[in-house]
Amino acid sequence: MPHTIIHNPQEHYLEMKAWGSLMMDEAGEIISELLQAVKENNCPLILSDYRQATMDLSVAEIYLLPNKIAETAASMELSGHKIKRALVAEEGSQNFHFFETVTVNRGQPTKLFSTMDEAKKWLLQK
């Protein structure tokens, strides 16, 4: 899955944008790259733009993603509980809603939005 990750040094957050179909292998790759960027930039705020992507994962795979995030973060000496993620996806994206629910239930600050402006406002609030 094509994606980009950039650091916004003025507002100190990472922005990830993805296109196409998100499968489990790609999700793992994106998680690793994002967490590496978190560590390199000392930046625990992530704005993820999935408006041009679809999450083609099973319910079981989505359920396991927060564990993957926590394990990958721990391997990099990061805490998944201290990384705040704002996700932007098309309205009605049930898989993204389920991901938000299971992630929050595992103590990882995550919120789903339908607009970049709302997501950024929530992400940057203290």
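Here are some notes on the sheet, the helices and the aromatic contacts of this predicted model.

1. Start with the sheet. Five strands make up an open sheet, running in the order E1-E2-E3-E4-E5, and the pairing is mixed. Strand E1 (3-8) and strand E5 (110-113) are the edge strands; each has a single partner strand, so one side of each has no neighbour in the sheet. Averaged over the sheet and ignoring direction, neighbouring strands are turned by 20 degrees against each other.

2. Next, two of the helices. Helix H1 (residues 24-41) packs with helix H2 (residues 59-75) at an angle of about 30 degrees, and their axes are 10 Å apart. An angle under 35 degrees counts as roughly parallel, so that is the label for H1 and H2. As for handedness, H1 passes H2 in a right-handed crossing.

3. How many aromatic pairs turn up in a search of the whole structure? There are two. One of them joins Tyr50 and Phe96, with 5.0 Å centre to centre and 40 degrees between the planes, which makes the pair tilted. This pair links distant parts of the chain: Tyr50 belongs to strand E3 (residues 45-55) and Phe96 to helix H3 (residues 94-105), 46 residues apart. Are these two residues buried or exposed? Both Tyr50 and Phe96 are buried.

4. Phe113 and Trp122 also form a pair, and here the ring centres are 5.8 Å apart with the planes at 50 degrees. Planes under 30 degrees apart would count as stacked and over 60 as edge-to-face, so this pair is tilted. Phe113 is buried, and Trp122 is buried as well.

5. The charged end of Lys84 sits over the ring of Trp122, 4.5 Å from its centre. So the ring of Trp122 has a tilted partner in Phe113 and the charged end of Lys84 over it.

6. Last, another charge over a ring. Which ring does Arg106 sit over? The charged end of Arg106 is placed over the ring of Tyr63, 4.2 Å from the centre of that ring.

How values were computed: Residues are numbered from 1 along each chain as its sequence is written. This is a predicted model: local features need pLDDT of at least 70, side-chain atom pairs count only at pLDDT 80 or more; totals for chains, interfaces and linings use all residues. Side-chain values use heavy atoms; hydrogens and water are left out. Rings of Phe, Tyr and Trp (its six-membered ring) pair if their centres lie within 6.5 Å; planes under 30 degrees apart count as stacked, over 60 as edge-to-face and the rest as tilted. Helices (H or I, at least four residues) and strands (E, at least two) are DSSP runs, numbered from the N terminus. Buried means under 20% relative accessible area, exposed over 50%, partly exposed in between (1.4 Å probe, protein chains only). A charge sits over a ring if NZ of Lys or CZ of Arg is within 6 Å of the ring centre and within 35 degrees of the ring normal. Two strands pair if DSSP finds at least two bridges between them. Axes are lines fitted to C-alpha atoms, for helices over the stretch in contact, and angles run from 0 to 180 degrees between N-to-C directions. Angles under 35 degrees count as roughly parallel, over 145 as roughly antiparallel, 65 to 115 as roughly perpendicular and the rest as oblique. A crossing is left-handed if the near helix is turned anticlockwise from the far one by less than a right angle, and right-handed if clockwise.
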